[in-house]
Amino acid sequence: MKKLALALALVLASFALAACGSSDDSSTESKSQSGTAPESSPAEAEGGTAGSAAAVDFEAGEGLSYTSDSASAEAGKVTVNFTNPEPLTHDVAIEDSSGKTIGKTELVAEGSDSAVVNLKPGEYTFYCTVPGHREAGMEGTLTVK
């Protein structure tokens with residue numbers, strides 16, 4: 001009986017600690033709604049306008065495609081929202097003109113995820129990081145004003 005009570009107390013303590021976590025939305029960690037924990041937080045690019053906020057939405061299409069091959073956003077802190085209604089796993093990565101990936105969502109299938117990146121005005125490439133998907137055409141241009 002003591003062991004059962006101790007186990008129950010440990011479970012309740014674990015829930016209490018989990019409930020005390022931070023809900024600070026200013027982090028650059030991706031926020032998965034697919035039930036998987038982020039593996040790592042995306043990097044932020046230098047520059048942009050401090051305090052500005054914008055969002056850009058991406059959606060996976062049928063097969064190896066996005067629903068659009070172009071998007072635009074305002075410079076500064078940009079939330080990249082990605083929805084994948086398909087069972088095949090995809091993500092969205094943002095690459096600068098030098099070819100460096102500066103932010104990305106988590107890989108999701110039949111779900112969604114978001115990531116925050118800080119972008120300067122210019123043109124960026126967005127693409128899926130799953131091997132072969134970009135080569136099959138799963139990429140586009142993000143114009144930041």
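**Briefing: the nonpolar core and its aromatic cluster**

Of the 24 residues in the largest nonpolar core, the ones that touch the most other members are Val56, Phe58, Val92, Ile94, Leu119, Phe126 and Leu142. At least two residues of this core come from each of strand S2 (53-59), S3, S4, S7, strand S8 (122-127) and strand S9 (139-144). The model is predicted, and the protein chain has an average pLDDT of 75, with 63% of the residues scoring at least 70.

**Confidence**

- Over residues 1-52 the pLDDT stays under 50, and for this stretch the model has 53 contacts beyond four places in sequence.

**Aromatic pairs**

- The count of aromatic pairs comes to four, and one of them is the tilted pair of Phe58 and Phe126, with 4.5 Å centre to centre and 50° between the planes.
- This pair links distant parts of the chain, since Phe58 belongs to strand S2 and Phe126 to strand S8, 68 residues apart.
- Both partners are buried, Phe58 with a relative accessible area of 5% and Phe126 with one of 0%.
- Tyr66 and Phe82 form an edge-to-face pair, 6.3 Å centre to centre with 80° between the planes.
- Because Tyr66 lies in the loop between S2 and S3 while Phe82 lies in strand S4, the pair ties together parts that are 16 residues apart in sequence.
- Tyr66 is buried at a relative accessible area of 9%, and Phe82 also counts as buried, at 1% relative accessibility.
- Ring pairs join Phe58, Tyr66, Phe82 and Phe126 into a cluster.

**Surroundings of Val92**

- Leaving aside residues up to four places away in sequence, Val92 touches Phe58, Tyr66, Phe82 and Phe126, and its contacts also include Val80, Gly103, Lys104, Thr105 and Tyr127.
- Tyr127, one of these contacts of Val92, has the charged end of Arg134 sitting over its ring, 4.0 Å from the ring centre.

**Buried loop positions**

- Thr105 is placed in the loop between strand S6 (101-104) and strand S7 (111-119), and this residue is buried, with a relative accessible area of 0%.
- Beyond four places in sequence, the residues that Thr105 touches include Val80, Phe82 and Val92, together with Asp91, Asp113, Ser114 and Ala115.
- Ala75 lies in the loop between strand S3 (70-73) and strand S4 (76-84), and at 13% relative accessibility Ala75 counts as buried.
- Although Ala75 and Thr143 are 68 residues apart in sequence, their C-alpha atoms are 9.3 Å apart in space.

Terms used:
Residues are numbered from 1 along each chain as its sequence is written. This is a predicted model: local features need pLDDT of at least 70, side-chain atom pairs count only at pLDDT 80 or more; totals for chains, interfaces and linings use all residues. Side-chain values use heavy atoms; hydrogens and water are left out. Helices (H or I, at least four residues) and strands (E, at least two) are DSSP runs, numbered from the N terminus. Buried means under 20% relative accessible area, exposed over 50%, partly exposed in between (1.4 Å probe, protein chains only). Contact means heavy atoms within 4.5 Å. pLDDT is the predictor's confidence in each residue, from 0 to 100. A nonpolar core is a set of buried Ala, Val, Leu, Ile, Met, Phe, Trp, Tyr and Cys residues joined through side-chain atoms within 4.5 Å. Rings of Phe, Tyr and Trp (its six-membered ring) pair if their centres lie within 6.5 Å; planes under 30 degrees apart count as stacked, over 60 as edge-to-face and the rest as tilted. A charge sits over a ring if NZ of Lys or CZ of Arg is within 6 Å of the ring centre and within 35 degrees of the ring normal.
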